[in-house]
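This report describes a structure chain by chain and then turns to the contacts between chains. The sequence and coordinates are shown first.

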Amino acid sequence: MDAIGQATQFAQTAMDMANRVARQQAEDPSTLIPQDLQDQAAQIQERFTADTTPIPITETGNAGSAFSQMVGKLVADVSVKQTEAGQAWQGVLSGQGVPLHQAVIASEEAAVSFQLMVEVRNKLMESFQELMRMQA
Amino acid sequence: MMRLVPGADTTASALNAERIKLEAISQNIANANVTDAPGGGPYQRKEVVFESIINEAISSGSGNGVNPSSVKAKITTDSNNDGPQIYDPEHPHADDAGYVQMPNVNIHEEMVNMILASRSYEANLAAMKYGRRMATQTLSIGR
Amino acid sequence: MIEALFESNNYQASKKLMDMTVLRQEAIAGNLANANTPGYKRVDIDSDFAASLKDALNGKSNEQIDNLTVNLAVDSLAPKTDASGNTVDIEKEMVLLSENQIQHQLESRMISGKMSRLRLAIKGGQ
C-alpha cells in the first residue's frame, strides 16, 4: 500500500496544483499561459489516450476539473490493476487452480500501468515547476 | 494444488503407474521358474492394468469441456492360465506322473511388456521436462 | 487511459493463445499417461477454437477475443491404435508436445515484447 499510497499522494498534489493554476486563470485573466506549456499538456494527453483532443487550459473553470478527473481515473485504474494482480497471485498460491501465466501477466500489466502513472505525475510536477518559475 | 508446471500431477501419476508395472514385470521374470510358491503350487504371474481417473482439479475453460485424466495402476494376479507342464520325474516338485507345473510366465511376453513400459516411462519424463520448460518460460515474461 | 495500453488485438489474442498452450500441455500429459489404458480416447483442444479465434481477430473486437473459452474435448478423429479402442499414438503426442512448447515460447515472446515496447513508450525514449 505504501508505494501506491505515495504515488496517490503525489498525483493528488499534482491535481491540486492543476486546480490552483486553473483558478488563478479564472481570477486573473492577464496571466498568460505560455504556449509551450499548453503544448506539453496536449502532448501528454495525446501520448496516453486514443482520443487526441487536447484539454483547453485557457478556458475558465472547466479545465481544472477535467484534468483532475483524468488523473483521478488514472489512479483508480492503476489501483484496479494492482488488485487484479494480487488476486491472481492469491489464486495461484492458495491452490485454487489459477494458472501461473495469468498471474505473471497480471503482474506485468500492473507494473506497466504503475510506471505510466509515475511518469504522468513527473510530467505534471515538471509543468507546474516551470509555471512557478515563470511567475517568479 | 498449485498449477505451476502444467500437466505435472498427471505425469507424476503416469510415472508411478509405469513404475508399478515395471516392478510387476521384474517380479514375474524373477519368479519364472518358481514351482513352489508360498501358498502351494507354482508362482502365478502378476498382471497390471491401467485405468484412467478424471482429474477434476484441472478446470477446462468455462467448464464445458472435458477434464484431462490421470492414470492408476491395478495389480492383479493372473490365475486364469496355467503354465506349461514339463516332464521331469527327477524334479522335487514333480507329481506322480512325473510332470512339473511351471508358472504361467511367458518370458517373451514379459520382455515386450517391459520395453513398452520403459518407452511409456521415457515419454512421460519428456512430458515433465517440457512442462517444466514452459513454466520457466512463463516466469521469464517481462524480464 | 490504462485500457488503451493493452487494447491491441494481437496482445489479447496472445494471452488467449497462452491459455491454450497451457491447457494443451495438460491434455497431452493426460494422453501420454493413458497411452496404455484400455479404451482411453485422446483429448485435445476443442477443434472449434482455432476457427473462433480467427473470426474474433477478423472482427477486430477485443470483447469477442476475451469471450473465447479454451476447452478440451475428446478427439473424435483419432484412429484406434490397439484392440481395446485406445486412440493414443505416442509418437504423435511427442511431436505435439514439442510443437506446443515452441508455441508457448512464441506467445511468451510476444507478450514480453509488448511489455517492453510499452515501457519504452512510457519512458519517452530518454
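How many residues has H2(B), and what distance does it reach from its first C-alpha to its last?

## Helix H2 of chain B

The model discussed here is predicted. In it, H2(B) consists of 33 residues and reaches 48 Å from the first C-alpha to the last, close to the 48 Å expected at 1.5 Å a residue.

An α-helix has 3.6 residues a turn, so residues three or four places apart point the same way.

## Architecture of chain B

Chain B contains two helices and four strands, arranged along the sequence as α-β-β-β-β-α. Its C-alpha trace spans about 80 × 30 × 20 Å along the principal axes. The radius of gyration is 22 Å, whereas a compact globule of 143 residues would have one near 15 Å.

Of the 143 residues in chain B, 32% are buried. Among contacts in chain B with a separation of 6 or more, 62% are between residues 24 or more positions apart.

## Architecture of chain C

Five helices and two strands make up the elements of chain C, and from the N terminus on they run α-α-β-α-α-β-α. The C-alpha atoms fill a box of roughly 65 × 30 × 15 Å along the principal axes.

Buried residues account for 40% of the 126 residues in chain C. Residues 24 or more positions apart provide 76% of the contacts in chain C with a separation of 6 or more.

## The contact between chains B and C

Chain B contributes 35 residues to this contact and chain C contributes 33 residues. On the side of chain B, two or more residues come from each of helix H1 (8-30), strand E1 (46-54), strand E2 (69-77) and helix H2 (107-139). H2(B) supplies the largest share, with 13 residues. By class, the side of chain B that touches chain C has 14 nonpolar, 18 polar and three charged residues.

## The contact between chains A and C

Here 18 residues come from chain A and 13 residues from chain C. Helix H3 (62-93) and helix H4 (100-135) of chain A each give at least two residues to the side that touches chain C, and H4(A) gives the most, with nine residues. That side of chain A comprises eight nonpolar, four polar and six charged residues.

## Confidence in chain A

The mean pLDDT of chain A is 73, with 52% of its residues at 70 or more. Confidence is highest in H4(A), at 92, and lowest in helix H2 (residues 35-48) of chain A, at a mean of 54.

Two stretches of chain A call for caution. Over residues 49-53 of chain A the pLDDT stays under 50, and the model has four contacts beyond four places in sequence for them. Residues 55-60 of chain A also have pLDDT below 50, with 13 contacts in the model beyond near neighbours in sequence. Where pLDDT is low, the predicted coordinates should not be read in detail.

Methods. Residues numbered from 1 in each chain as written. Chains lettered and ligands numbered in written order. Predicted model: local features only at pLDDT ≥ 70, side-chain atom pairs only at ≥ 80, totals over all residues. Rg over C-alpha atoms; globule rule 2.2 N^0.38 Å. Buried ≥ 20, exposed ≤ 12 C-beta atoms within 10 Å, placed from the backbone. Contact = placed C-beta atoms within 7 Å. Nonpolar A, V, L, I, M, F, W, Y, C, P; charged D, E, K, R; others polar. pLDDT = per-residue confidence, 0-100. Expected span 1.5 Å × (residues − 1).
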